[in-house]
Amino acid sequence: MAHEYGITKPKGYNVTFHYNPNMERHHFGQTHPMKPWRLTLTKSLVTSYGMNFAMDNYTARTATYEELTNFHTNDYPTPLDVDNMHPDLKFNLGGSDCPLFEGLYDYCSMSAGSSLDAARKICSKQADIAIAWGGGLHHAKKSEASGFCYINDIVLAILQLLRVYPRVLYIDIDVHHGDGVEEAFLSTDRVMTVSFHKYDPNTFFPGTGALDDNGPRSEHNPGAHHALNIPLNDGITDEQYSSLFESVISRCVEKFRPSAIALQCGADSLAGDRLGKFNLLVEGHSSCVEYCKKLGIPLIMFGGGGYTPRNVARAWAYETAVAIGQDKNIPHKIPEHTPWRERFRQDTLLPTIEQILGEPRQNRNPEKKLRDIVQHVTEQLRFVSH
Ligand code: ZLM
Ligand code: CA
Ligand code: ZN
């Protein structure tokens, strides 16, 4: 059935795919923007294209309490469990962004388990690229839930990578600032964090991540200058975004010389997202994945935000194709036998901006601002060398 596109294992490198089908059963609430079901829709596309034949597929296990507390404090994961669950202001649990729901602890440990499994495959060199679309929950703090995130699977995965790899470059293309990951590694020079995001301190969550937020700049902090932030405005286009991404990341790689890359692929930076306000298409978003892949450095890809499920599934399926080197070969028409095919509205993997939005959003990113960003990044990186 899936052999119809002739997809086989890539030559010379290995891709692993970490997925737990039970994540989709969890619900944040009727109208809450975060819909774990988007993971099922993604998996459905990946499978209907036959991409599973090109990867090692793993049913992700759940992370243990001990694993969760490698980053989180001992008293924090317990209140996520049904038996101990109660709204708690101290942990920011039970508000409208981070509601308490049945199975919350299982949902969190599956997300963390898939990211940890992916990290371990990179550590053991069994994978050159490992994919965990159920992870990417970048806002969680060590004892605080934030912005739909309870457990920071990315921090846990990076801590795992650091057991084997001297330096990890974290890149975050979610439309929101990757504040939780940034904060976790502010005092080390073994992790460089780079987040691209919409920045408006007054109106857009979480309000942090200004261009000159580069972490505490004391002589005694080895982590100084190792946090980079790329603040953007509404309506940025594919051309601007991918050119900025390459300018910034090429400089980071040159100076920091990462031994592994962790890429958060939040799909809320796509045009037509319920929360995001950019004009990115799957082409522009996935060009970031392609760029990272071409660097030839061990790579973990996480999910993250993404609030229009059909767009999330398109992007992450296409980025899975990039990982296995089939993006130029797969037909753009969504396969007839795809489960939930009617959900995609357009029957193409790569709809145009007109098909998605009708009229593109006004672009509020002048070229001069983007040049200033590259200039600032270049100056920060003068302090970085390995
Ligand atoms: N109100 N329901 C991105 C995390 C973004 C904080 C303003 C809640 C929402 C949003 C929740 C059903 C990632 C804020 C928002 C209304 C205080 C945010 C529940 C709609 C709803 O309809 C909704 C009753 C909810 C939440 C919208 N929240 C939109 N934006 C942000 C958090 C997470 O993509 O980066 C990674 C996964 N929160 O703006 C408020 C300030 C709570
Ligand atoms: Ca981001
Ligand atoms: Zn987001």
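A nonpolar core here is a set of buried Ala, Val, Leu, Ile, Met, Phe, Trp, Tyr and Cys residues joined through C-beta atoms within 7 Å. In this predicted model, the largest such core holds 113 residues.

**The nonpolar core**
- Seven residues touch the most other members of the largest core: Ile 131, Ala 157, Tyr 170, Ala 262, Leu 263, Ile 300 and Met 301.
- Helix H3, residues 104-123, supplies the largest share of this core, with ten residues.
- Ile 131 is a handy place to start browsing: leaving out residues up to four places away in sequence, Ile 131 touches Val 15, Thr 16, Phe 17, His 18, Ala 118, Met 301, Thr 320 and Ala 323.

**The β-α-β unit**
- Strand E1 (residues 15-19), helix H1 (residues 38-48) and strand E2 (residues 56-59) form a β-α-β unit, and its hand is right-handed.
- The two strands, E1 and E2, run parallel and are paired over four bridges.
- Within that pairing, Phe 17 has Asn 57 in E2 as its bridge partner.
- Helix H1 is largely enclosed by the rest of the structure, because eight of its eleven residues are buried.
- Those buried residues are Arg 38, Leu 39, Leu 41, Thr 42, Lys 43, Leu 45, Val 46 and Ser 48.
- They pack against strand E1 and helix H8.
- An α-helix has 3.6 residues a turn, so residues three or four places apart point the same way.
- After H1 comes Gly 50, which has a positive phi near 80°.

**Around ligand 1**
- The shell around ligand 1 consists of 20 residues, and the closest are Ser 96, Gly 147, His 176, Phe 205 and Gly 305.
- Sorted by class, the shell has eleven polar, six nonpolar and three charged residues.

**Backbone features in the loops**
- As background, most residues other than glycine have a negative phi, and most peptide bonds are trans.
- Pro 206 sits in the loop that links strand E5 (191-198) to strand E6 (227-232).
- Phe 148 is not a glycine, yet its phi is positive at about 70°.
- Phe 148 belongs to the loop between strand E3 (129-132) and helix H4 (153-161).
- Phe 148 counts as buried because 21 other C-beta atoms lie within 10 Å, and the cut-off for buried is 20 or more.
- Arg 345 also has a positive phi, about 65°, without being a glycine.
- Arg 345 is exposed because it has 12 other C-beta atoms within 10 Å, and the cut-off for exposed is 12 or fewer.

**Pro 351 and the loop between H8 and H9**
- Arg 345 lies in the loop between H8 and H9, and Pro 351 lies in the loop between helix H8 (309-323) and helix H9 (353-357).
- Pro 351 counts as buried because it has 21 C-beta neighbours inside 10 Å.
- Setting aside neighbours within four places in sequence, Pro 351 is in contact with Gln 346 and Ile 356.
- From Pro 351 to Tyr 199 there are 152 residues in sequence and 27 Å in space, C-alpha to C-alpha.

Technical notes
Residues numbered from 1 in each chain as written. Chains lettered and ligands numbered in written order. Predicted model: local features only at pLDDT ≥ 70, side-chain atom pairs only at ≥ 80, totals over all residues. Pairing = 2+ DSSP bridges. Right-handed = clockwise from strand over helix to strand, strands pointing away. Near = placed C-beta within 6 Å. Nonpolar A, V, L, I, M, F, W, Y, C, P; charged D, E, K, R; others polar. Contact = placed C-beta atoms within 7 Å.
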